[in-house]
Structures are given as C-alpha cells and as structure tokens.
Amino acid sequence: MNETCPSCGLRFEREPGYFVGAMYVSYALAVLIVGALTAVLWLLLLPGWPMSRVVLPAVAAFLPLVPVVFRWSRIIWIHFDRSIDPGG
C-alpha cells in the first residue's frame, strides 16, 4: 500500500498500528459475505445439505475475494477515522 495518496498527498497510516481497526471491518465484511454466500448456496443450490457442509463451499468461494475485502476494509476504516477526527 502506498504511504501517501498519489492524488491528494493524504498520509494513510497516522501512527503504528493504525489499521488494527481495519481488521475488525474486514472481519465484519467477511462474515457478511460468507453468510450471504452460505444462504444462497443453501437455499438455491444445495437445499438438502446440512448447514455445516454448505459453509465450506461458501468459504472456498470467498477466498478469491480476500484481496478485495482487504482493500475495502482499509478504505472504510480511513473514511470512518477521517469522519471522526478530520485533522488528526
């Protein structure tokens, strides 16, 4: 990840450990996506399977999305932090 924004020069990491909060955002996004994938698989494609077995293909389908979730969680965290403390 860049240290600063190439367009506006915003410094992304304010202090060491700044993106720890983004891990919580990433976890929440992952739970939502895997939950949605599990529901879709269970309701449409694998209705006879037990829920514990449907989660595995949902997690496998989620794995290619990990880099996208990683970036979006950092973006969401930066926007959240800037809305609370714009000058910091």
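Trainee: In which helix is the place of Leu29?

Mentor: Leu29 sits in helix α1. Keep in mind that this is a predicted model.

Trainee: Why does Leu29 count as partly exposed?

Mentor: Its relative accessibility is 21%. Buried means under 20%, and exposed means over 50%. The value for Leu29 falls in between, so Leu29 counts as partly exposed.

Trainee: Which residues does Leu29 touch, not counting residues up to four places away in sequence?

Mentor: Leu29 touches Val69, Trp72, Ser73 and Ile76. Contact here means heavy atoms within 4.5 Å.

Trainee: And how far is Leu29 from Cys8?

Mentor: Their C-alpha atoms are separated by 27 Å. Along the chain, the two are 21 residues apart.

Trainee: What makes the span of helix α3 close to the expected one?

Mentor: Helix α3 covers residues 66-84, 19 residues in total. From first C-alpha to last it reaches 27 Å, and 27 Å is expected at 1.5 Å a residue.

Trainee: Which residues of α3 are buried, and what do they pack against?

Mentor: The buried ones are Val69, Ser73, Arg74, Trp77, Ile78 and Asp81. They pack against α1 (20-45) and α2 (51-62).

Trainee: Now the rings. How many aromatic pairs are there?

Mentor: Two.

Trainee: Why is the pair of Tyr18 and Phe19 called edge-to-face?

Mentor: The ring centres are 4.9 Å apart, and the pairing limit is 6.5 Å. The planes stand at 75°, and edge-to-face needs over 60, so the pair is edge-to-face. Both Tyr18 and Phe19 are buried.

Trainee: What makes the pair of Trp77 and Phe80 tilted?

Mentor: The distance is 5.6 Å centre to centre, with 40° between the planes. Stacked needs under 30 degrees and edge-to-face over 60; the rest count as tilted. An angle of 40° therefore makes this pair tilted.

Trainee: Why are Trp77 and Phe80 separated by about one helical turn?

Mentor: Because they are three residues apart in helix α3.

Trainee: Is Phe80 buried, partly exposed or exposed?

Mentor: Phe80 has 43% relative accessibility, so it counts as partly exposed.

Trainee: Last, the largest pocket. What is its volume, and which residues are closest to its centre?

Mentor: The volume is about 330 Å³. Of its 13 lining residues, the closest to the centre are Met1, Phe12, Arg71, Ile75 and Ile78. By class, the lining has nine nonpolar, two polar and two charged residues.

Terms used:
Residues are numbered from 1 along each chain as its sequence is written. This is a predicted model: local features need pLDDT of at least 70, side-chain atom pairs count only at pLDDT 80 or more; totals for chains, interfaces and linings use all residues. Side-chain values use heavy atoms; hydrogens and water are left out. Helices (H or I, at least four residues) and strands (E, at least two) are DSSP runs, numbered from the N terminus. The expected span of a helix is 1.5 Å times one less than its number of residues. Buried means under 20% relative accessible area, exposed over 50%, partly exposed in between (1.4 Å probe, protein chains only). On a 1 Å grid over the protein atoms alone, a cavity is a set of points where a 1.4 Å probe fits but cannot get out, and a pocket is an open set with protein on both sides within 12 Å along at least five of seven lines; lining residues have an atom within 4 Å of a point. Grid points are joined across faces, edges and corners, and a volume is the space filled by probe spheres set on the points. Ala, Val, Leu, Ile, Met, Phe, Trp, Tyr, Cys and Pro count as nonpolar, Asp, Glu, Lys and Arg as charged, and the others, Gly among them, as polar. Rings of Phe, Tyr and Trp (its six-membered ring) pair if their centres lie within 6.5 Å; planes under 30 degrees apart count as stacked, over 60 as edge-to-face and the rest as tilted.
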